[in-house]
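Dear colleague,

I am passing on the structure we spoke about, and below it you will find my notes on what came out of it. Please read them with the model open beside you.

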Amino acid sequence: MNFPPTLHLFCRVVDNYGDIGICWRLARQLQQEHGVIVTLWVDELASFQRICPEVALDTEIQQVAGVTVRHWRNQDGVFSADDVADIVIEFFACDIPPGYIAAMAERNPRPVWLNLEGLTAEEWVEGCHTLPSPHPRLPLTKHFFFPGFTSKTGGLLCESALEEERRKFQSDAVAVGAFLAQFGVTPAEMASLKISLFCYPHAPVTALFDAWQNGASAITCLVPEGVAVEAVQSFLGMDAQAGAVQTRGALTVRILPFVAQSDYDRLLWACDINFVRGEDSWVRAQWAGRPFIWHIYPQDENLHHKKLRAFLERYAIDMASLMAFSLRWNGAATGLAEGPADWSVIWQRLQADRACMERRSADWQRQMLENGDLAGNLLKFAGALHSAAAKN
């Protein structure tokens, strides 16, 4: 391919921070580690700004961390072949502008066109990864690219220096303490079981808070501002604004400001257990080396429960407590009795298996690293497609 290659990544923000979170990590890694000239097209800048404060909301085209960011306002626009990049990626089957697609067909050589799909542990992904999809009218072929958990998929997003940075941070108690202290975390809270909570509004947070506050062990729950607002405000007895804190029984809930991606990684590294949601924070929790509970994005007809079980059947091997807690957290535990008392029981069982979960986390990381990282695998595939087209 041309070096450095150009790449356009189109992102529609559906799940608030997950979509842009994934695309922003990918864009930065492609630029910083592989020298790709990246343009990130985003339809909604407000969510982007929350995870990357450098983003300006009133700017159509801007440079952020070496990446060109363009505000993707609508499907209109006239494009020429010169406007098209060497590699074009649409994230999660978003429809890129028809005028851009028409220009892709006019470009010589034609671009590598990829649909970067969502992450799932379901087995069918292996058969669909890298499959071609010819355009019905234009001389263009799009290929599906699936992240995943096996060598027959595209792997997971993981920057080359991430593991070293994590180990260095987690082995430095002073650094961990200083990081948490900036959010007001006290020495007593530092010594308690520290839990980060990031979930969708329908999570059974109130029932879990009841179990924690009536438990025997001190727990500090760190919640980003805007998460589980109704349940959190009920516990606090006040607005859930950054800096708010309340202790009831054994539980202290502290509200954190919404932080940039790098600081969110450190939050995951600094806590003992992480509750995460969607895709981006879910993947980062897998690299954090800590036990985690995943709240999956809800889908019609409970299709997300199938995806949840597919992951748990891979990850929660010989950990019945993690399986049971995760299913209950996601409303997928059919047949279990309802009621706050059950949360105390399944939480105690989960706590008893923490050491097992930590060992599993380390083993899982080694397995995932053997699959290669998503950005590198994506570029290898794009390069192979380009080489094959050049020969024809």
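Among contacts in the protein chain that join residues at least 6 apart in sequence, 66% are between residues at least 24 apart; please keep in mind throughout that this is a predicted model.

As for the secondary structure, the protein chain contains 16 helices and 14 strands. Its C-alpha atoms occupy a box of roughly 70 × 45 × 40 Å when the principal axes are used, and the radius of gyration is 22 Å, which agrees with the value near 21 Å that would apply to a compact globule of 392 residues.

Turning to burial and surface, 54% of the 392 residues in the protein chain are buried, while the accessible surface amounts to about 17200 Å², with 51% of that area belonging to carbon and sulfur atoms.

Ala270 counts as buried because its relative accessible area is 5%, under the 20% cut-off. Leaving aside residues up to four places away in sequence, Ala270 touches Phe169, Val176, Phe179, Leu180 and Lys194. Phe145, by comparison, is 125 residues from Ala270 in sequence, and the C-alpha atoms of Ala270 and Phe145 are 33 Å apart in space.

Key:
Residues numbered from 1 in each chain as written. Predicted model: local features only at pLDDT ≥ 70, side-chain atom pairs only at ≥ 80, totals over all residues. Heavy atoms only, no water. Helix = DSSP H or I, 4+ residues; strand = E, 2+ residues; numbered from the N terminus. Rg over C-alpha atoms; globule rule 2.2 N^0.38 Å. Buried < 20%, exposed > 50% of the residue type's maximum accessible area, 1.4 Å probe, protein only. Contact = heavy atoms within 4.5 Å. Areas by Shrake-Rupley, 256 points an atom, 1.4 Å probe, with all protein chains shown as cover.
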